[in-house]
Amino acid sequence: MRNPILVRLTLVLSGLIATGVGLGILAIPQTFHASSGIALGDDVNLLNEMRAAGGPVLVGGLFALFGAIRLDMAYPALVVSATVYLAYGLARFASVIVDGVPNAAMLQIMGLELAVAAICMVVLRSQRAARSKPA
């Protein structure tokens, strides 16, 4: 492992954000989304859909935190983190193209997701390079 401190910091950052978002979506979806200017209302089907999206985000965050603790799991945790953040960021970007520009909060969230994905990918690349070198 080339730089275990950088790996742990990256996974802690990724894990804390995703765990917080996942918990927020699962536990208090109306309040959580209202902080970004989104009113969910009391539509049971919409709330069910929102909570369902929180589960994978929470699990991804917990896996990233697990990878920060157990460095033998850091590589797959970085892959999961990069994938989750990149998927969300690119999906939001696609929505901007298809649906139009959302409010500033949503654009900031997209920027954060893409930035965390980029950080994870840079660290992942350095880890891959370190893994492929002979001992």
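Helices and strands here are DSSP runs, numbered from the N terminus. With that in hand, the elements of the protein chain read α-α-α-α-α from the N terminus on. That comes to five helices and zero strands. The model is predicted.

**Overall form**

The protein chain has 135 residues, and 30% of them count as buried. Its C-alpha trace spans about 55 × 30 × 20 Å along the principal axes.

Take helix α1, residues 4–27, and helix α3, residues 44–69. Their axes come within 7 Å. They cross at roughly 155°. Angles over 145 degrees count as roughly antiparallel. Therefore α1 and α3 are roughly antiparallel to each other. The crossing of α1 and α3 is left-handed. What kinds of residues make up the contact of α1 with α3? There are 17 nonpolar, eight polar and two charged residues.

**The largest pocket**

The largest pocket has a volume of about 530 Å³. It is lined by 22 residues. Closest to its centre are V21, F32, R92, I109 and E113. Which elements give two or more residues to this lining? They are α1, α2 (29–34), α3, α4 (74–99) and α5 (104–132). By class, the lining of the largest pocket holds 17 nonpolar, three polar and two charged residues.

| Contact of α1 with α3 | 17 residues | eight residues | two residues |

**Two residues up close**

Start with G20. This residue is found in helix α1. Is G20 buried, exposed or partly exposed? Buried means under 20% relative accessible area, and exposed means over 50%. G20 has 36% relative accessibility, so G20 counts as partly exposed. Now look along the chain from G20 to A129. The two are 109 residues apart along the chain. Their C-alpha atoms are separated by 31 Å.

Next comes F93, which is found in helix α4. Its relative accessible area is 42%, so F93 is partly exposed too. How far apart are F93 and I38 in sequence and in space? They are 55 residues apart in sequence. In space, F93 and I38 are 18 Å apart, C-alpha to C-alpha.

Definitions and conventions
Residues are numbered from 1 along each chain as its sequence is written. This is a predicted model: local features need pLDDT of at least 70, side-chain atom pairs count only at pLDDT 80 or more; totals for chains, interfaces and linings use all residues. Side-chain values use heavy atoms; hydrogens and water are left out. Axes are lines fitted to C-alpha atoms, for helices over the stretch in contact, and angles run from 0 to 180 degrees between N-to-C directions. Helices (H or I, at least four residues) and strands (E, at least two) are DSSP runs, numbered from the N terminus. Angles under 35 degrees count as roughly parallel, over 145 as roughly antiparallel, 65 to 115 as roughly perpendicular and the rest as oblique. A crossing is left-handed if the near helix is turned anticlockwise from the far one by less than a right angle, and right-handed if clockwise. Ala, Val, Leu, Ile, Met, Phe, Trp, Tyr, Cys and Pro count as nonpolar, Asp, Glu, Lys and Arg as charged, and the others, Gly among them, as polar. On a 1 Å grid over the protein atoms alone, a cavity is a set of points where a 1.4 Å probe fits but cannot get out, and a pocket is an open set with protein on both sides within 12 Å along at least five of seven lines; lining residues have an atom within 4 Å of a point. Grid points are joined across faces, edges and corners, and a volume is the space filled by probe spheres set on the points. Buried means under 20% relative accessible area, exposed over 50%, partly exposed in between (1.4 Å probe, protein chains only).
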